[in-house]
Amino acid sequence: MTYPMENRIEEMQEMINLIPKMQNAVKNGLSNHFLGLHNHDSNHVEAELQSLRKAIEILDSKYVLDIIFILSREEEKLYFNEIKHMLSYVNVGTLSKRLKSLEKDKIINRTVFPNQRPIRVSYNLTKLGHGIFRLLLPLLVYVTYFDEFQNQSLEES
């Protein structure tokens, strides 16, 4: 079951309203990052890199972003076969492996319905999973408008 369109628009508006806060967070993060590099603070840099490595390790597997994207579009849980249908280009074994991995990393919830025949399994994003999706939205905007961003200097923003 999908969100009614009004709810989706409200959710998008909430995310749009967060953009100035995200911009400030990015500016602060970049300032701290470059300050740590400038001061040759290797502990600070190593801590940042460790966090980044963990995030990349989780998201780097093939089709993980596809799964997060598909599950972010639904209010209710999606059954395995629904996900398989939406991601028809992913083989069943790989899809199953990725879903198990995302469950282990607490990005998705897995619910088994053993009393149904055949046994049904559904999935939905956790709060962490929704957070990851929201972090990916600026990347999606950037990729969509890459040519325009490329023509702007950092001082213009």
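Helices and strands here are runs assigned by DSSP, numbered from the N terminus. With that in hand, welcome to the tour; the model on your screen is a predicted one.

**Stop 1**

Select Arg117 and Pro118. The peptide bond that leads from Arg117 to Pro118 is cis, and its omega is near -5°. Pro118 belongs to the loop between strand S2 (108-113) and strand S3 (120-125).

**Stop 2: a charge over a ring**

Now select Arg120 together with Tyr79. Here the charged end of Arg120 sits over the ring of Tyr79, at 3.5 Å from the ring's centre.

**Stop 3: two tyrosines**

Next, some aromatic rings. How many aromatic pairs does a search of the whole structure find? It finds three. For one of these pairs, select Tyr63 and Tyr89: the ring centres are 5.8 Å apart and the planes meet at 50°, so this pair is tilted.

Follow the chain on either side of the two rings. Tyr63 is in the loop between helix H2 (42-59) and helix H3 (64-72), while Tyr89 is in the loop between helix H4 (80-86) and helix H5 (92-104), so the pair ties together parts that lie 26 residues apart in sequence.

Are these two residues buried or exposed? Tyr63 has 18% relative accessibility and therefore counts as buried, the limit being under 20%. Tyr89, at 48%, counts as partly exposed.

Stay with Tyr63 for a moment and look at its backbone. Its phi is near 80°, which is a positive value in a residue other than glycine.

**Stop 4: another positive phi**

Move on to Lys106, in the loop between H5 and S2. Lys106 is not a glycine, yet its phi is positive, at about 65°. Its relative accessible area is 60%, so Lys106 is exposed; the cut-off for that word is over 50%.

**Stop 5: a nonpolar patch**

Finish on the surface by selecting Leu139, Tyr142, Val143 and Phe146. These residues form a nonpolar patch, and together they have about 370 Å² of accessible area.

Which helix gives the largest share of the nonpolar patch? That is helix H6 (residues 127-144), with three residues. Phe146, for its part, lies in helix H7 (residues 146-150). With a relative accessible area of 33%, Phe146 is partly exposed.

Key: Residues are numbered from 1 along each chain as its sequence is written. This is a predicted model: local features need pLDDT of at least 70, side-chain atom pairs count only at pLDDT 80 or more; totals for chains, interfaces and linings use all residues. Side-chain values use heavy atoms; hydrogens and water are left out. Patches are made of residues with over 30% relative accessible area and no salt bridge: like charges are joined within 9 Å, nonpolar side chains (Val, Leu, Ile, Met, Phe, Trp, Tyr) within 5 Å. Accessible areas come from the Shrake-Rupley method with a 1.4 Å probe; for residues, only the protein chains shown count as cover. A salt bridge is a side-chain nitrogen of Lys or Arg within 4 Å of a carboxyl oxygen of Asp or Glu. Helices (H or I, at least four residues) and strands (E, at least two) are DSSP runs, numbered from the N terminus. Buried means under 20% relative accessible area, exposed over 50%, partly exposed in between (1.4 Å probe, protein chains only). Rings of Phe, Tyr and Trp (its six-membered ring) pair if their centres lie within 6.5 Å; planes under 30 degrees apart count as stacked, over 60 as edge-to-face and the rest as tilted. A charge sits over a ring if NZ of Lys or CZ of Arg is within 6 Å of the ring centre and within 35 degrees of the ring normal.
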